[in-house]
Amino acid sequence: MLRTVSWLMRAGAYAFIGLHTFTGPPAGPGAVTLAVVTYALGGLALLLWELTHALGDKAARRAPRMRILLGVAAALSGYASAFPHTGALIGLSLMAVMHLGTEPSLPVGWAVAGCTVVALETGVLVAGASRGFALGYPMLVALVLVASHNRRAYRIRAEQSAAMLAQSELLRAEQRRVAVLDERTRIAREIHDVLAHSLGALSIQIQAASALLTDHRDIDRAVTVLDGARRLTADGLAETRRAVHALRSDLAPLDEELGTMADTHRQRHGVPVRLRVEGEPSPLPADQALPLFRTAQEALTNAAKHAPAQPVEVTLTYEDEHVTLTVDNPLGAPQSPRQAPAFATVDGGYGLTGMRERLLLLGGTLDAGVRDGQWRVRAEVPR
């Protein structure tokens with residue numbers, strides 16, 4: 001729309017120059033011929049220039065002959081405007097200087113403006129024009145050149161702004177894509193953690209029921225264990241739905257969640273679980289609390305797998321700069337078969353490895369190993 005309006009304005013200016021030049025008092029035969037040639041050449045140069053730019057800026061930059069033609073038209077118009085009754089032709093020079101002054105190459109505009117002024121002063125000497133004309137028109141050409149440079153600077157800033165806007169849009173799109181990938185990774189990690197915990201505990205319950213049925217013929221206890229496995233399955237499905245919907249915000253305070261987990265583990269496996277909270281409890285962001293919660297889940301599941309019937313101690317320590325979770329369980333032999341069925345799985349799952357990766361993303365750490373005859377899992381996150 002703006003380009004169309006600009007074309008119409010230039011066409012109107014060209015028509016006005018023609019009317020002012022050819023409807024005025026008649027000049028000498030040579031001046032009229034010069035005016036006609038100059039007007040036709042200037043119109044042709046401006047038309048070809050507009051058509052070239054209509055094909056795009058790249059096409060315009062690849063047409064150096066258009067610059068030469070426009071420069072010749074500008075110089076010739078400047079020369080012809082010095083003759084009597086043809087002063088309006090200077091408008092063609094000004095339009096040409098305005099066009100070329102907005103080109104990426106600054107010397108082009110300056111060269112055309114300089115040639116126009118030289119041609120104009122030559123016309124003044126030949127036609128004997130007044131001193132005011134000799135001084136005023138060159139100043140007008142200089143002002144148009146400066147205005148064209150300002151227009152060029154504005155156009156460059158507009159192009160840079162458009163490029164920066166496009167770049168920012170691409171950046172925002174990339175950020176959205178990365179956020180989606182991070183969200184998918186987070187949900188996948190949550191599902192993995194939930195399923196690893198639920199299936200690990202369910203495997204223990206099934207092994208317990210199998211041992212009770214085959215070794216002890218205790219159907220009542222086996223039914224109780226299987227009922228616990230059913231509840232464990234329901235809890236696992238509920239936690240999986242929670243992970244899919246990314247409902248981290250409904251996580252209770254970490255010490256309360258660990259207390260509930262300790263009670264559940266105590267009831268499910270019949271082993272003592274002690275929870276200690278040291279320091280002043282304070283709310284933690286979900287991104288920090290949930291990895292600690294999952295670490296405790298994984299450590300309790302591993303304790304039930306590899307050290308059944310052994311007591312577990314969970315310690316949550318709040319310090320000024322970090323929060324530490326420690327889960328300890330003895331490595332001693334389990335109770336006798338008459339007291340509890342011996343069911344221990346031997347699989348080297350990747351639960352703790354996944355926990356370590358999650359904590360590293362938060363700037364935390366996770367260590368697991370034997371300490372003073374006990375298996376210890378220690379996780380730490382910064383505050």
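1. Salt bridges. The model contains 8 salt bridges, where a salt bridge is a side-chain nitrogen of Lys or Arg within 4 Å of a carboxyl oxygen of Asp or Glu. This is a predicted model, in which local features need pLDDT of at least 70 and side-chain atom pairs count only at pLDDT 80 or more, while totals for chains, interfaces and linings use all residues. Residues are numbered from 1 along each chain as its sequence is written, and side-chain values use heavy atoms, with hydrogens and water left out.

2. A pair in helix α7. R172 and E169 are joined by a salt bridge, with 2.4 Å from N to O. Both residues belong to helix α7 (residues 131-214), where they are 3 residues apart, about one turn of the helix. Helices (H or I, at least four residues) and strands (E, at least two) are DSSP runs, numbered from the N terminus. R172 has a relative accessible area of 35% and is therefore partly exposed; E169, at 37%, is partly exposed as well. In these terms, buried means under 20% relative accessible area, exposed over 50%, and partly exposed in between (1.4 Å probe, protein chains only).

3. A pair in helix α9. R266 forms a salt bridge with D263, and their closest N and O atoms are 2.6 Å apart. These two residues also lie 3 residues apart in one helix, α9, about one turn of the helix. Why does R266 count as partly exposed? The reason is its relative accessible area of 32%. D263 is partly exposed because its value is 36%.

4. Further salt bridges. The side chains of R378 and E380 meet at 3.2 Å, N to O. R378 is partly exposed, with a relative accessible area of 32%. Salt bridges with shared partners also link R276, E278 and E313 into one network.

5. The sheet. In what order do the 5 strands of the open sheet lie? The order is β1-β2-β3-β5-β4, with mixed pairing; two strands pair if DSSP finds at least two bridges between them. The edge strands, each pairing on one side only, are β1 (273-278) and β4 (365-371). From one strand to the next, the twist averages 15°. Axes are lines fitted to C-alpha atoms, for helices over the stretch in contact, and angles run from 0 to 180 degrees between N-to-C directions.

6. Within and across the sheet. Strand β2 (residues 312-318) pairs with β3 in the antiparallel sense over 6 bridges, and T315 stands opposite T326 in β3. Helix α9 (residues 254-269) lies across β1, β2 and β3, at about 170° to β1.

7. Residue L331. L331 is located in the loop between β3 (322-330) and α11 (351-361). Its relative accessibility of 45% is why L331 counts as partly exposed. Leaving aside residues up to four places away in sequence, L331 touches V370, G373, Q374 and W375, a contact being heavy atoms within 4.5 Å.

8. The chain as a whole. The secondary structure of the protein chain consists of 11 helices and 5 strands. Of its 383 residues, 41% count as buried. Among contacts between residues at least 6 apart in sequence, 72% join residues at least 24 apart.
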